[in-house]
Structures are given as C-alpha cells and as structure tokens.
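Hi everyone, thanks for coming. Please have a look at the sequence and the model on the screen, and then I'll walk you through a few places in it.

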Amino acid sequence: RRQLPPVMSSPSFLHRFVRSEDGLRLHVADYPGHSADAPVLLCLPGLTRNGRDFAALAERLAGPYRLLCPDQRGRGLSDRDPDPSHYQPPRYVADMAWLLDRLGVAQVTVIGTSLGGMMGVMLAAWQPQRVRAVLLNDVGAVLEPEGLARIAGYVGRQPVVNSLAEAVALTAAANAAVFPDWSEPDWRRMVLATWRGEDGQWLPDYDPAIAQGLSNGSAAPPLWPLFEAVRELPMLLLRGELSDLLSRDTVAQMRQRLPRLTAQEVPCRGHAPTLDEPLAWQALCEWLERLDDPDQGARVRRIATASAP
C-alpha cells in the first residue's frame with residue numbers, strides 16, 4: 001500500500017495537513033523562512049501536477065522566503081473529492097484562501113504554473129489585499145485551442161505500469177516535444193514527482209476525475225476580465241519558446257494592456273518551463289528583487305548566484 005511520508009521528511013520542510021471547508025484533507029509542504037516575517041511564496045502547480053514540482057525551487061529560496069507548496073484536492077497527498085464537479089478553479093482558489101487563513105498567512109506572492117497561474121490571478125481579483133504579485137508560468141489571458149486539446153487528450157487517461165523504468169519511458173515519449181534536451185535522469189525526476197507507486201504498480205498521482213473540468217469547459221474560464229481586474233498587480237510572465245498553450249501574440253497583448261507585467265521567453269521549452277532553466281531562474285530572482293526591499297534583494301541576488309542551474 002501507498003506509504004505516507006513522515007511528518008518531517010527532511011530538515012528543510014514540514015508536511016502540513018489542513019481540512020478544507022467541505023472536510024477534505026489538503027496537504028502542503030511548508031518550507032520555513034529564517035524569520036517569522038519572511039515573505040511568503042505560494043507555489044501553485046499545473047492541472048495534473050502537485051507541490052513536489054517546486055521542491056528544487058523551494059530548497060533554493062527557503063530562508064529569505066517561506067514557501068508553501070500545496071497539493072490541490074485530488075492530487076498528491078491531498079484527498080480525492082467524492083464529487084468530481086468540485087474539480088474546477090473557483091473551488092481550488094477557495095481552498096487556497098482557506099488554507100492561508102488556517103496557517104495565519106495574510107499576504108503571498110504567487111508562483112503559478114499553468115492552472116496555478118490562473119488561480120493566482122483569480123485569488124488576486126477576489127482578495128486583492130492577499131496577493132502581492134503573481135508569476136505566470138506559461139499561462140496568460142488566452143489559452144490556445146491546440147494546447148487545450150492536447151491536454152484534454154491525456155488528462156484522466158491513467159496508464160498503470162509495472163515499473164519505474166516503464167513509467168520513465170512512457171513519460172519521456174509523451175513529453176519529448178516539451179523538453180527536447182532532457183536525458184533519462186531528468187525524466188526520472190519528473191516521474192518521481194508526478195507518479196506514485198502503489199501495490200507494485202505505478203500510476204500518475206492525481207484523481208482521473210479532474211478531467212471533468214476539461215470536458216465541461218470549467219477548467220478554462222474567460223480570463224481577460226480577470227487580468228483587467230488586476231491590471232496594476234506586479235506580474236512576471238514566463239513563456240516556453242515551444243509552448244502550444246500560450247502564444248507570442250497573447251504575450252504581446254498582455255504587455256500592452258497590463259502596465260506592471262514583465263515577460264521572458266524560455267528557450268527550448270514547451271508547456272511548461274520547470275523554473276530551473278537559467279533564463280527562467282534569472283528572471284524570477286530579478287523580479288523578486290524588484291518586489292522586495294534592498295536588503296531582501298541582496299539576499300536574492302546571492303541565492304541566484306550561488307545556486308544558478
């Protein structure tokens with residue numbers, strides 16, 4: 001049977017569990033800051049992913065920052081929802097607001113990949129005092145039909161394989177166009193973050209019922225009104241050079257219409273960058289530096305120099 005990690009799996013973070021408003025147990029990896037007033041980064045993963053996507057980022061930034069890396073309902077160590085109609089962005093955003101309330105966190109900077117970026121903008125529009133800034137990792141005000149169709153083609157179709165090696169080979173074949181320069185160790189790290197071993201088999205670590213939101217359209221609500229509502233919010237937009245979900249035209253429109261948005265294209269990446277690419281990491285650190293006070297910015301510069309990929 002699947003084994004839960006210990007309460008503390010390493011000296012660097014804690015496993016925390018919080019009950020949602022409707023009674024589900026939600027998991028968050030909590031990487032503490034050096035002080036009680038360290039700025040908080042809320043790291044929100046993509047549709048089928050979980051908080052483990054941000055483990056490497058959190059290891060680099062924890063200390064000057066506190067990082068919260070939650071698993072949305074139906075993913076990772078969070079409970080599956082018996083009602084699949086709850087698998088949609090407004091419910092996820094409400095979960096995150098509830099989680100922050102329970103942890104006593106008043107304000108965050110959101111680092112969001114794909115769905116996670118959408119959630120960050122939605123949270124900022126709903127509770128503007130709570131969100132200081134949002135990093136959008138390969139998601140914007142328009143989602144390209146080609147990318148949505150590709151995602152809909154695999155979400156919910158959970159192959160069950162009998163070995164880690166088989167899971168690695170399957171993942172590499174499915175994502176070769178997204179990470180064309182990856183090698184076997186890279187794919188292995190991805191599988192260990194996004195699959196789980198159970199009863200001698202391996203399967204993707206999410207509830208296949210999350211596919212319902214793609215079939216009924218709730219996974220992609222109209223986004224321009226949301227972005228216009230938070231147009232003065234500091235935002236960093238990262239786009240994978242090979243992305244089929246976020247177009248260069250959309251990035252150009254967002255730059256024109258959102259005065260506090262900066263953008264960076266990440267070469268040799270599709271949907272979505274991992275944030276450890278040199279240009280992505282540099283853009284992230286420089287953006288955090290601009291958000292923070294001079295002393296904090298100096299610490300971020302030291303982190304960026306010391307731990308650059």
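Let's start at Leu136, which stands opposite Leu237 in strand E9. This is a predicted model, so please keep that in mind throughout. The two strands here are E6, residues 131-137, and E9, residues 235-240, and they pair in the parallel sense over 4 bridges. Helix H9, residues 248-257, packs on the sheet and touches E6, E9 and E10. The direction of H9 makes about 160 degrees with that of E10.

Now zoom out to the whole sheet. It is an open one, built from 8 strands in the order E1-E2-E4-E3-E5-E6-E9-E10, with mixed pairing. Which strands stand at the edges? They are E1 (14-19) and E10 (261-266); each has a single partner strand, so one side of each is left without a neighbour in the sheet. On average, neighbouring strands are turned by 20 degrees against each other, direction ignored.

Next, some backbone details. As a reminder, most residues other than glycine have a negative phi, and most peptide bonds are trans. With that in mind, look at Asp138, in the loop between E6 and helix H4 (145-154). Asp138 has a positive phi of about 60 degrees although it is not a glycine, and it is buried, with a relative accessible area of 0%. Ser114 also has a positive phi, near 55 degrees. You will find Ser114 in the loop between strand E5 (108-113) and helix H3 (115-126), and at 12% relative accessibility it counts as buried. For a cis peptide bond, go to His271 and Ala272, where omega is about 10 degrees. Ala272 sits in the loop between E10 and helix H10 (278-291).

On to charges. How many salt bridges does the structure hold? The count is 23. One of them joins Arg66 and Asp30, with the closest N and O atoms 2.7 Å apart. That pair links distant parts of the chain, since Arg66 is in strand E4 and Asp30 in strand E2, 36 residues apart. Asp30 counts as buried, at 2% relative accessibility.

Arg52 lies in the loop between strand E3 and helix H1, and Asp205 in the loop between E8 and H7, so the pair ties together parts that are 153 residues apart in sequence. Asp205 also forms a salt bridge with Arg80, where the closest N and O atoms are 3.4 Å apart; this pair ties together parts 125 residues apart. Asp205 is buried, at 1%, while Arg52 is partly exposed, at 31%, and Arg80 is partly exposed too, at 26%.

Asp207 is in the loop between strand E8 (201-204) and helix H7 (212-216). What about its own charge partner? Asp207 is buried yet has no salt bridge, and the nearest side chain of opposite charge, that of Arg80, is 5.3 Å away. Among the residues Asp207 touches are Gly74, Asp81 and Tyr87. Asp81 in turn belongs to a salt-bridge network with Glu21, Asp22, Arg73, Arg91 and Asp95.

Last stop, the cysteines. The number of disulfides comes to 0. Cys43, which is buried at 0%, has its closest cysteine sulfur in Cys69, 4.2 Å away and too far for a bond. Cys268 counts as partly exposed, at 28%.

Definitions and conventions
Residues numbered from 1 in each chain as written. Predicted model: local features only at pLDDT ≥ 70, side-chain atom pairs only at ≥ 80, totals over all residues. Heavy atoms only, no water. Pairing = 2+ DSSP bridges. Axes fitted to C-alpha atoms, helices over the stretch in contact; angles between N-to-C directions. Contact = heavy atoms within 4.5 Å. Buried < 20%, exposed > 50% of the residue type's maximum accessible area, 1.4 Å probe, protein only. Lys, Arg positive; Asp, Glu negative; His and termini not counted. Salt bridge = Lys/Arg side-chain N within 4 Å of Asp/Glu carboxyl O. Disulfide = S-S within 2.5 Å. Lists of a residue's contacts leave out its neighbours within four places in sequence.
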